[in-house]
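The sequence and the structure are shown first.

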Amino acid sequence: DLLQYTTTKTGYNFVGWYTDVELTNSVTSVTLTDDIAVYAKWEEAVDTGAATSVFFAGVTLDATNKYVVLTNVGDSTPVAISAASELPADSTRLLATFNATTGTLTFNRGYNFAIDPDFAEPNFAYNSYVMMQVPDGETTRYGIKANGDLTIDLGGYKNALYAEWSDQISNHNVIAIYSEGDVTIQGDGFLRLTANPSVNLTVNSHAIFAKGDINLNGGIVYAY
């Protein structure tokens with residue numbers, strides 16, 4: 001299994017292992033019956049700066065659309081709004097707030113799931129529960145997708161990003177958190193990144209995929 005072996009190179013990000021020097025045939029495992037060479041592929045690290053756009057819960061947040069809210073608790077079709085004056089009085093309808101200057105997505109108590117918001121698994125009750133979605137024109141399902149350095153503030157809540165039990169995502173890529181730059185998770189709280197056990201995920205599925213660094217500065221992150 002080559003997935004457990006990574007290497008480092010200053011100024012570059014490791015992409016993966018390949019069986020040919022042209023780096024066209026990716027490989028995640030080999031069976032050793034004789035000597036075999038694998039080649040590392042690199043991408044030059046680019047300082048993207050703070051994320052200015054984030055795809056989250058099926059909508060895009062940016063400098064204009066700073067909030068993602070639900071029409072009703074448990075609604076599967078969130079909407080983005082721009083003005084704080086438009087925020088609902090019911091805090092369980094606000095999923096998150098985005099600051100495009102700092103690239104920070106802050107979780108709230110929104111519950112984007114078609115069940116009672118007091119739903120609890122044994123020994124665990126969620127404050128925030130958000131379904132992963134597929135951006136238009138893509139096939140990968142994302143919980144959060146950012147175009148630069150992303151900071152996730154857990155907001156002091158127990159949060160979950162979930163890929164549902166659906167034929168739509170079997171044998172597809174699922175990436176709970178994706179960033180073109182760094183990913184930093186901070187604040188008190190808990191973040192669960194998960195797909196239903198019955199879903200067949202591809203080898204290109206990830207709990208967190210960042211082209212830069214991944215930093216855990218607070219909270220607990222749990223993926224399975």
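## Basis of the description

A residue is called buried under 20% relative accessible area, exposed over 50%, and partly exposed in between (1.4 Å probe, protein chains only). The model is predicted: local features need pLDDT of at least 70, side-chain atom pairs count only at pLDDT 80 or more, and totals for chains, interfaces and linings use all residues. Residues are numbered from 1 along each chain as its sequence is written, and side-chain values use heavy atoms, with hydrogens and water left out.

## Aromatic pairs

The structure contains 6 aromatic pairs. Rings of Phe, Tyr and Trp (its six-membered ring) pair if their centres lie within 6.5 Å; planes under 30 degrees apart are stacked, over 60 edge-to-face, and the rest tilted. Tyr-142 and Tyr-178 form an edge-to-face pair, because their planes stand at 65°, with the ring centres 5.8 Å apart. This pair links distant parts of the chain, 36 residues apart: Tyr-142 belongs to strand β14 (residues 141-146) and Tyr-178 to strand β17 (residues 174-179). Strands (E, at least two residues) are DSSP runs, numbered from the N terminus. Tyr-142 is buried at 6% relative accessibility, and Tyr-178 is buried at 9%.

Phe-190 and Tyr-222 make a tilted pair, 6.3 Å centre to centre with 50° between the planes. Phe-190 is in strand β19 (residues 190-195) and Tyr-222 in strand β22 (residues 220-223), so the pair ties together parts 32 residues apart in sequence. Phe-190 is buried, with a relative accessible area of 17%, whereas Tyr-222 is partly exposed at 41%. Elsewhere, ring pairs join Phe-14, Trp-17 and Trp-42 into a cluster.

## Charges over rings

A charge sits over a ring if NZ of Lys or CZ of Arg is within 6 Å of the ring centre and within 35 degrees of the ring normal. Lys-145 lies over the face of Tyr-178, at 5.9 Å from the ring centre. Lys-9 takes such a position over Tyr-12, at 4.5 Å from the ring centre.

## Surroundings of Ser-179

Strand β17 also holds Ser-179, which is buried at 0% relative accessibility. The side chain of Ser-179 reaches the backbone oxygen of Asp-182 at 3.1 Å.

Leaving aside residues up to four places away in sequence, Ser-179 is in contact (heavy atoms within 4.5 Å) with Ala-146, Gly-148, Asp-149, Leu-150, Phe-209, Ala-210 and Lys-211.

Conventions:
Helix = DSSP H or I, 4+ residues; strand = E, 2+ residues; numbered from the N terminus. Polar contact = N/O pair within 3.5 Å; in protein donor to acceptor, adjacent residues only side chain to side chain.
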